[in-house]
Amino acid sequence: MLITTPEHVARLATELRQHARKAVTRQVLVSMGTCGIAAGATPVLDALKREVSARGLTDVDVLGVGCVGLCHSEPTVEIVDRATGASTIYGDVTPEQAAALLDGHGREIKKTWYFPEDEQNAENRLQARIVLRNSGRINPERIEDYIARDGYQALATVLAGMKPEAVVDVITASGLRGRGGGGFPTGRKWRIAAGQASDEKYLICNADEGDPGAFMDRAVLEGDPHAVLEAMVIAGYAIGAENGIIYVRAEYPLAIKRLKIAMDQARAHGLIGENILGSGFAFDLSIKYGAGAFVCGEETALIRSIAGSRGTPTFKPPFPAVAGLWGKPTVVNNVETFANIPAIIRKGADWFKQIGTPGSPGTKVFCITGKINKVGLIEVPMGIALRDIIFGLGEGIRNGRKFKAVQTGGPSGGCIAEKDLDTPIDYDTLKMLGSMMGSGGMIILDEDDCMVDVAKFFVQFTMDESCGKCTPCRVGGRHMYGLLEKITAGKATLDDIETIRDLAQTIKTASLCGLGMTAPNPVLATLACFEAEYLAHVVDRKCPAGKCARLITYAIDPELCTGCTLCARKCPATCISGKPKEAHVIDQSMCIHCGVCYDSCKFSAILKH
Amino acid sequence: MACSGCCCEGRANLLEAYPEKRRALEDYIDRLHLGGDMERQKGFLIDCLHQAQAIFGYLPLEVQELVGKRLRLQQADVSGVISFYSFFTDQPVGRHKINVCTGTACFVRGADKILETFKRALGLEEGATSEDMKFTLSTIRCVGACSLAPVVMVNERVYGNVTPKRVATIIKDCE
């Protein structure tokens, strides 16, 4: 159905809400993001649908929704009573439980973690949802669901009478900063592009989420794709672009599928394409696929990739907002940044500024993973303390182990130790702590993790992903990896640590793009907080966490060994010998330190030093 | 996007042997709005390579040449792009593509041990394909299923919370 005027959007929303109120008394929401499906949500959805139709319940709506963020208990089902708004969430659901769930039985999840129905009650909760407002609440494949929740209302407001400059003013006043990691003020970027006189301008949505351990953009695209489309049309109007491109990872097939459905629906409703809402403004969208290159998250590299070339970054200036794709003014914004736009237009810049900190207003979505009890996707106001995230929402460290550090900002970020956990986090404080916001991956490490090994992991990542264009990053990264290898192999000297510091500084200052400039961060941050651990590797030739394989020796305790021969049979280097029922011995000269014997021994007879 | 036919691995003269696959690729290129500006025409290269890899399973030289010719690009441009992006491969891959996720969450939860176990069980190095074209063992950077870490992806199927002990079961599932 074509929506032809801005007023029509609000009218349609009211109609849809009235209809839903009459027709549906209960909603059964099954979380169907990529990980929900991997955990088995599809058979659950089918079983619930079957059960509802078998019981002849015509007023119960069973729908697949996006990620609610309760990754630790997936698959999850939420049952909402439409009349009272009350809801219950059940975790670890199986298809066999379908009937019981409809009767209100199942493993209920405490709502300290997630408060869906609590939009008015902002006190006593750690989360605040702007970006994930609809994720887990609506069927992402139904535009009507989005419209009923004030979707496309912001676009209607804009096209009903705001001048493009006024839109840029609102976004500037809101203080919204780029959520892709850098934190550049979005309004300023838009203003630069809007001020360019050009016959052609481009707007790009950066959905090339490459940070390992970050999946918030995927969650938004899978759970609320229309929010991104709406924001892109608004941004296109504000900067004077008629072409939008969504550059999305090819590794996200579900996100791509839902984006395509959303685009078709938006086009059919006249919300993208020619003469949008009868305003005369035209804006069209297309999708481009990434092909597995981390550096393409950098905007100039991304633009080169869209142009069909190797994704190597280019010098700035000129900035893309002045000369980007095909040499035309181009604005590149991240998915999460876009998802904030409709809410800011609807509720105003002042509302947005109340949330978060003065320097970084709004919320941030984080993926908390690693050694934490409640792994999940959360959206919190900026300025929250890491302690509240890790020990509040995340409910502390797995298996009763001790917290060691939290890694933020992915391969460009750093580690934050216990002493800084109470710092209110935003773009600026994280930078001060030697880390960065990045795209919002948050990996929790415990006492069993070796910080040198973690730093090596990230340096290996940036080394592999370096595009090779500039020498500091290409050669420096490799060199740094070599030095870290030396440390974890127990072959380094104290001079090597100094060399690393030196080298890190050079790579930081002399690299061409953000990838190289931030690549040494994981090393510098771990060196700053955990120097003792580096020294233990170098001076004592020991890995305190017991992670670095080549610094571990395995031996067999003859008292405990029963001679069961299991370790000898499992040893890939065949360096364990001994007769059955007699104590075995490891030949240290042949041992490859793989730890298979340690893991396989049923009598705890293998000693690890 | 796995090859739909799964019978084209390693064969020479793919384009002749599979005219229907060639047709599918050419049809795709026909539908693009080519022509005009050479520079902008290059913007379709990555789309075409995605399509070609979906059809053939990998990108052998003859397929690269076909794409290059249609887009009026030098072979160096085409192979340069293929070698840059890890998604593209010019080598045939096995029927079961085993991808061990080595993203950060999987790394801290022991992905290295999972990879080692696969290497030993299959007798393959990382990135290698078995001679019978049954398995390709590789690593992948974060599939975004961090809550299930460590994760292994076999073709499109995701296995979560993998332990070294489960490796044998996963391999068996491929039988």
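A: Begin with strands. Helices (H or I, at least four residues) and strands (E, at least two) are DSSP runs, numbered from the N terminus. Two strands pair if DSSP finds at least two bridges between them. Here strand S5 (residues 202-207) of chain A runs parallel to strand S8 (residues 330-334) of chain A, and five bridges join them. Ile204(A) stands opposite Val332(A) in S8(A).

Q: What kind of model is this, and how are its parts labelled?
A: This is a predicted model, where local features need pLDDT of at least 70, side-chain atom pairs count only at pLDDT 80 or more, and totals for chains, interfaces and linings use all residues. Residues are numbered from 1 along each chain as its sequence is written, while chains are lettered from A and ligands numbered from 1 in the order in which they are written.

Q: Which residues of S8(A) are buried on one side and which on the other?
A: Start with the general idea. In a regular strand the side chains alternate between the two faces of the sheet. A residue is buried if 20 or more other C-beta atoms lie within 10 Å of its own, exposed if 12 or fewer, and partly exposed in between; C-beta atoms are placed from the backbone. Five of the five residues of S8(A) are buried. Thr330(A), Val332(A) and Asn334(A) are on one side. Val331(A) and Asn333(A) are on the other.

Q: In what order do the five strands of the open sheet in chain A stand?
A: Strands of a sheet pair through backbone hydrogen bonds, either parallel or antiparallel. The order in this open sheet is S10-S9-S13-S11-S12 (chain A), with mixed pairing. Strand S10 (376-381) and strand S12 (414-417) of chain A are at the edges. Each has a single partner strand, so one side of each lacks a neighbour in the sheet. From one strand to the next, the twist averages 30°. For angles, axes are lines fitted to C-alpha atoms, for helices over the stretch in contact, and angles run from 0 to 180 degrees between N-to-C directions.

Q: How many bridges pair S9 with S10(A)?
A: Six, in the antiparallel sense; strand S9 covers residues 363-370 of chain A. Cys367(A) stands opposite Leu377(A) in S10(A).

Q: Which helix lies across S11 and S12 of chain A?
A: Helix H21 (residues 521-529) of chain A does, running at about 25° to S12(A). Strand S11 covers 403-408. Now apply the burial test to H21(A): seven of its nine residues are buried. Among them are Pro522(A), Val523(A) and Leu527(A).

Q: Is Leu535(A) buried or partly exposed?
A: Count neighbours. Leu535(A) has 13 C-beta neighbours inside 10 Å, so it counts as partly exposed. Leu535(A) lies in helix H22 (residues 531-538) of chain A.

Q: What are the domains of chain A?
A: Domain bounds come from an automatic or database domain assignment. Chain A has domain 1 (7-124), domain 2 (150-350), domain 3 (363-446), domain 4 (451-538) and domain 5 (553-608). The C-alpha centres of domain 2 and domain 4 of chain A are 34 Å apart. Their contact takes ten residues from domain 2 of chain A and eight residues from domain 4 of chain A. Two residues are in contact if their C-beta atoms, placed from the backbone, lie within 7 Å.

Q: How compact is chain A?
A: Count the elements before judging the whole. Chain A has 24 helices and 17 strands. Its radius of gyration is 27 Å, close to the 25 Å from the globule rule for 609 residues, so chain A is as compact as a globular protein of that length. The radius is taken over C-alpha atoms; the rule is 2.2 Å times the number of residues to the power 0.38. Of the 609 residues, 55% count as buried.

Q: How many residues of chain A are in contact with chain B?
A: There are 40, in contact with 33 residues of chain B. S9 and strand S13 (441-446) of chain A are among the elements that each supply at least two residues of that side.

Q: How many helices and strands are in chain B?
A: Nine helices and four strands. Chain B is divided into domain 1 (14-84) and domain 2 (96-173). Their C-alpha centres lie 31 Å apart. Of the 175 residues of chain B, 39% count as buried.
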